[in-house]
Amino acid sequence: VYGFLAYKGSLFFHAFNVVQEISPDNIALITPVFESWWSPGQWLFPALLNCLFGTRLGIASIWITLAALAGGFAGYYRVFRFYGFSSRIILISLLIIFSGSTLYYCFVVYQGGEVLEFGFFPWFLLYVIKIRQVTWRKLLVVTLLFLLCFTAKTTLLLYCSFVLLAQWIQMNKTTFRNPLRFPSRQLGLLLPALICVPLIWLLFLSKGPHPVVVGHFGFSPEAILVPLSSPLNSILSIQQYINRGELAFVRFFPAANANLFSYVLYLLVFVMLLWFLGQIRRNKKIDPNYKIQFFILYGGLLTFFLLAYVFNANIDLSSRHFKLMGYLLVPGLVYVLEEKFRPSGVNAFLVLVCVISLLDIFYLKRKWARGRDISIQYFYRNCEPPEVSDKLDRASYEKLITIERVAQTGKPLPAVFWVESTPDIGIDLKYPAICQAPSRNIHADVYRKSGVRLFVCVSKGTLSNNPGLLKWKFPDYADFALIDETDQYWFFMGK
C-alpha cells in the first residue's frame, strides 16, 4: 500500500518516491515526504507497466510477480547447477522452495520487495560466484546488479555485501593459511559494496524515515532463537507452523506457557540445523565454495540480526528476512538426507510435505479474500487484519469513487479527502487523502484553515456517537453540506 502511495505522490509532485503529507496547521498545505522506509522497486516496476500500457496496478503487480518468480527459479536452478548438484536434487529443491510460505504467500497478496528479491538475488549471486579474475568491466556489472537488488529490497544490501565477502574469501583461500600475509588478492571485488552502501545511505535511506538498527538494549528468547534457527525456519513454512502451533497450544493449556512452547520448537529446529550443518561441512562431495558462501551468509546475517534484535531495532521477527539464505541451503539438506536415509523414502516425505504446503495456498487465499472487495486498481480492498479493518462497504466505496470523479470534472480545483478508511483507499483517489494508518489516528488530529475543497467520508456510527466531530476536526470550515449517503456512510463537503 505505502509503496503505491509513493507512486501517487511521485505523479502529484513530479518528484521521485515521495508521499503526500497534509499539514494539520494548514489543510491546504501538501508537502512531499521522501519514502525511504522501503525500496522503490515494489511500486516502480508495476508503475512502469501502468505508465507505458495503462495496465491497472493490480494487474501489473500480477505480471511482475509472475516474472519475478520465473526469474528466481531460473536463477536458483543455475546457481545449484554451478555448485554441482544433480538435476533430481535441484528439482526437489525448487519444489521445496516453492512450497514455503515465505514464497507462496505472493500468490495470496502482492508482496512487492519480497518477490522481487527472489527474482533478482540469485542472478547477482550467480554472476559473483563465477568471477575468477576481477576487472573493471566486471566490477561495473556487479555494481549495477547491486543497485538493482537494492531497488527490490533494502535487506539485499546485506545479502549482496556478504556474497561479495564470501567470494573474496574463496578467491584468497590459500592466502588465509598464512597468518603473516594479508589476503589482498582481488580486494577490488569488495568495492561495489564499499561504494554502494554509503551512497544508498546518503542519497536514499537518510532522506526520510528508515528502520532504526539500534534502539534500547533488551531481548527475548525468541529474538535469539529465530535468527539462530533461520536457515531452517525460513523454508517449508516452519515458522508459520510454529506460530499456528502456539495458537493451538493456548486452546488447551494456559496462555502464559504459549511462548515457552514456541521457544522449545525453535530450539529443536536449531538443534536439527546444527546436525545438518555438521553433515554438510564434513561431506567432501559437496562443493567447498558452496559451503563458504552459505556459512558466510549465515554468519553475517546472524550477527546483524542478533545485534538488531538485542538492541530492539524496529525490525520484526519474521523468517522472511532469512529466506534467500534458507533457499541456498535446500539442496545441501536434500543431499545429506538422501545420503543418510533411503532416497525414495526421503523424496516421498518431502513431496508429501510440499503437497500439504501447496494446499495451504488455497486455504490462505480463501481466508484472505473472504469479506474483501476488489478495488478499481484490481487489489483486494482493506489490507488490514480483520480486528482493525474499516467498515467501508462496497456501496460506500463506489459512491466515494464517483464523488471524486465528479470533483475532477470541468476545471478541477485543489481538494482533499478525509476518509474513515484504511490507507489502501488512497491508491484509488487521485486527490490527496487523509486515511487511518498505524502511525496516525485520524479521529484525534485537528486540521486548521480552509483554503481547499474538503470532502469527508465518515461512517454513520462514528458521527452519530460524536455529532460535533467534523466541526471540531475542521474548525475553520463554516459548514458541512451533505452531498450523498449510503446505508453505512455519509458524504459531506466543507464550505
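Reply: A salt bridge is a side-chain nitrogen of Lys or Arg within 4 Å of a carboxyl oxygen of Asp or Glu. The model is predicted: local features need pLDDT of at least 70, side-chain atom pairs count only at pLDDT 80 or more, and totals for chains, interfaces and linings use all residues. Residues are numbered from 1 along each chain as its sequence is written, and side-chain values use heavy atoms, leaving out hydrogens and water.

Me: How many salt bridges does that rule give?

Reply: Eleven. Glu114, Glu117, Lys153, Asp316, Arg320 and Lys323 are linked in a network of them.

Me: Why is the contact of arginine 320 with glutamate 114 called a salt bridge?

Reply: The closest N and O atoms are 2.6 Å apart. The cut-off is 4 Å, so the pair qualifies. Arginine 320 lies in the loop between helix 15 (288–310) and helix 16 (323–340), and glutamate 114 in helix 6 (residues 113–129), so the pair ties together parts 206 residues apart in sequence. Helices are DSSP runs (H or I, at least four residues), numbered from the N terminus.

Me: Is glutamate 114 buried or exposed?

Reply: Buried, at 7% relative accessibility. Buried means under 20% relative accessible area, exposed over 50%, partly exposed in between (1.4 Å probe, protein chains only). Arginine 320, at 26%, is therefore partly exposed.

Me: What makes lysine 323 a partner of glutamate 117?

Reply: Their closest N and O atoms are 2.4 Å apart, a salt bridge. Lysine 323 is in helix 16 and glutamate 117 in helix 6, 206 residues apart. Lysine 323 is buried at 0%, and glutamate 117 is buried at 2%.

Key. Helix = DSSP H or I, 4+ residues; strand = E, 2+ residues; numbered from the N terminus.
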